[in-house]
Each structure stands twice: as C-alpha cells, then as structure tokens.
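Here is my note on this model, for someone meeting it for the first time. Please keep the structure open while you read.

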Amino acid sequence: MTFTPAEVLRDRGIAATAQRLAVLRAVANSPHITAEGVVAFAQADIGAISRQAVYDALGVLVNKGLIRRIQPVGSPALYEDRVADNHHHVICRICGVVADVDCAVGSTPCLRAADDMGYEIDEAEVAYWGRCPTCQAEGRTTTVLDTPSSRRQNQRRTRPEELHPTHTAKPEEISRAI
Ligand SMILES: [Zn+2]
Ligand SMILES: [Zn+2]
C-alpha cells in the first residue's frame with residue numbers, strides 16, 4: 001500500500017502545505033540536492049515560494065525524519081529522501097558529485113564502534129572520497145572544489161584515484177582546526 005506525500009506528512013503530524021509538498025517533490029526528483037536547488041525547483045514547480053519558506057520546510061521535514069540532510073566537508077548541505085537505512089555516500093573530490101553506497105556489511109553495523117567511549121551512539125556518518133567515473137574518463141585531476149578538505153586530502157594522498165573511506169568531520173571541527 002502506498003501513501004501519497006500529503007498522507008505521509010499528515011501521518012507525521014505535519015500540515016501538508018503546498019510548500020512542503022513542493023520541497024518533498026524537489027528532493028525526490030534529485031537526491032543530494034542543495035537547498036538552493038530546492039528553491040529553484042520549487043519556484044519552477046509552484047511559482048511563488050520564498051527562500052525562507054523552503055529553508056523552513058526543509059528544517060521541518062528533516063526534523064520529522066522524512067528527508068535526510070548530509071553535509072560532506074567543503075560542500076553545502078545536501079538533502080535526500082532515502083532515509084533510515086544508514087547508507088553512506090561516495091563523493092567525487094574533483095567535481096563534487098555524490099552517489100549513495102549501501103552500508104558495507106549490513107544495515108547499521110557502523111553503529112557498533114570499536115570503543116563507544118560510553119556514548120549512546122545513534123548515527124554513523126561515512127564518506128568515501130575519490131574520483132567519479134566521468135572525471136576519470138575525462139582525465140580531470142584537479143578539483144574545482146577549493147575546500148579545506150580537498151587541500152588537506154590532496155596533500156596527504158599520493159594516489160587520489162583510489163577510494164579510501166574517511167569519516168567526515170563536522171563543520172565546527174573544521175573551523176576549529178583552521
Ligand atoms: Zn567527478
Ligand atoms: Zn544518499
């Protein structure tokens with residue numbers, strides 16, 4: 001049995017406004033979309049919708065678990081409607097394109113840290129960085145993303161064509177580290 005987006009919203013106790021439905025459509029239409037991408041899509045979709053209304057709707061939908069917000073280091077926040085499966089992301093350090101990858105060994109094994117340090121862990125965020133097939137095919141080796149992450153990674157990595165899993169740092173950790 002499938003539910004309409006409006007029914008899904010009401011089921012979570014959220015009013016199914018035209019704005020929220022347009023934001024949901026935008027995220028469903030292009031996974032890993034930026035907030036600005038959602039603004040453009042929603043404005044083309046329903047006409048008048050303010051940037052603030054889009055950001056407000058994104059906040060509500062993330063809080064209610066209907067969409068997921070990810071923020072790769074050096075990237076704006078990205079939104080997707082594939083939620084609650086703890087999947088990970090592979091990110092091209094050259095062009096920034098993002099793809100989903102399933103958890104390596106099951107649904108949520110990353111939540112079992114080798115040592116949880118006494119924390120109650122409820123989320124693991126894994127980002128794989130590398131070069132996407134398009135950038136490989138076109139021989140692109142220099143990034144257009146001038147981020148602290150790409151500078152650091154490029155200095156550290158000798159073979160950028162290889163994928164290595166790295167845990168993403170939170171933005172606040174980055175700004176503290178600079
Ligand atoms: Zn690429
Ligand atoms: Zn994803």
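**Notes on helix α4 and its surroundings**

1. Start with α4, where V54, A57, L58 and L61 are buried. Down the axis of α4, these buried residues fall within an arc of 105°, so they line one face of the helix. The arc is taken from the directions that run from the helix axis to the C-beta atoms. A residue is buried if 20 or more other C-beta atoms lie within 10 Å of its own, exposed if 12 or fewer, and partly exposed in between, with C-beta atoms placed from the backbone.

2. A word on the source. This is a predicted model, in which local features need pLDDT of at least 70 and side-chain atom pairs count only at pLDDT 80 or more, while totals for chains, interfaces and linings use all residues. Residues are numbered from 1 along each chain as its sequence is written, and chains are lettered from A and ligands numbered from 1 in the order in which they are written.

3. Now the overall plan. The protein has 7 helices and 7 strands. Helices (H or I, at least four residues) and strands (E, at least two) are DSSP runs, numbered from the N terminus. In order from the N terminus, the elements run α-α-β-α-α-β-β-β-β-β-α-α-β-α. Of the 178 residues in the protein, 21% are buried. Take the contacts between residues at least 6 apart in sequence: 55% of them join residues at least 24 apart. Contact here means that the C-beta atoms of two residues, placed from the backbone, lie within 7 Å.

4. Back to α4. This helix covers residues 51–63, 13 residues in all. From first C-alpha to last, α4 reaches 18 Å, close to the 18 Å expected at 1.5 Å a residue. The expected span is 1.5 Å times one less than the number of residues. Q52, G59 and N63 are exposed, on the face of α4 turned away from its buried side. After the helix comes G65, with a positive phi near 80°.

5. What covers the buried residues of α4? The cover includes α2 (18–29), α3 (35–46) and β3 (78–80). L58 counts as buried because 22 other C-beta atoms lie within 10 Å. Leaving out residues up to four places away in sequence, L58 touches V23, A35, V38 and Y79. L58 and A35 are 23 residues apart along the chain, and their C-alpha atoms are separated by 7.9 Å.

6. Next, the α3 and α4 pair. Two packed helices are described by the angle between their axes and the distance between the axes. For α3 and α4 the angle is about 120°, and the axes are 10 Å apart. Axes are lines fitted to C-alpha atoms, for helices over the stretch in contact, and angles run from 0 to 180 degrees between N-to-C directions. A35, V38, V39 and A42 of α3 meet R51, V54, Y55 and L58 of α4. By class, this contact has 7 nonpolar, no polar and 1 charged residues. Ala, Val, Leu, Ile, Met, Phe, Trp, Tyr, Cys and Pro count as nonpolar, Asp, Glu, Lys and Arg as charged, and the others, Gly among them, as polar.

7. α3 itself has 12 residues and reaches 16 Å between its first and last C-alpha, close to the 16 Å expected. Its buried residues are V38, V39, F41 and A42. They pack against α2, β1 (33–34), α4 and β3. G47 follows α3 and has a positive phi, near 80°.

8. In α2, the buried residues are R20, A22, V23, L24, A26 and V27. They pack against α1 (5–11), β1, α3, α4 and β3.

9. Check H32, in the loop between α2 and β1. Most residues other than glycine have a negative phi. H32 is not a glycine, yet its phi is positive, about 65°. Is H32 buried or exposed? H32 counts as buried because it has 21 C-beta neighbours inside 10 Å.

10. Last, H88 in strand β4 (residues 88–92). H88 has 19 C-beta neighbours inside 10 Å, so it counts as partly exposed. Leaving out residues up to four places away in sequence, H88 touches V101, C103, V126, A127 and Y128. H88 and A127 are 39 residues apart in sequence, and 6.3 Å apart in space, C-alpha to C-alpha.
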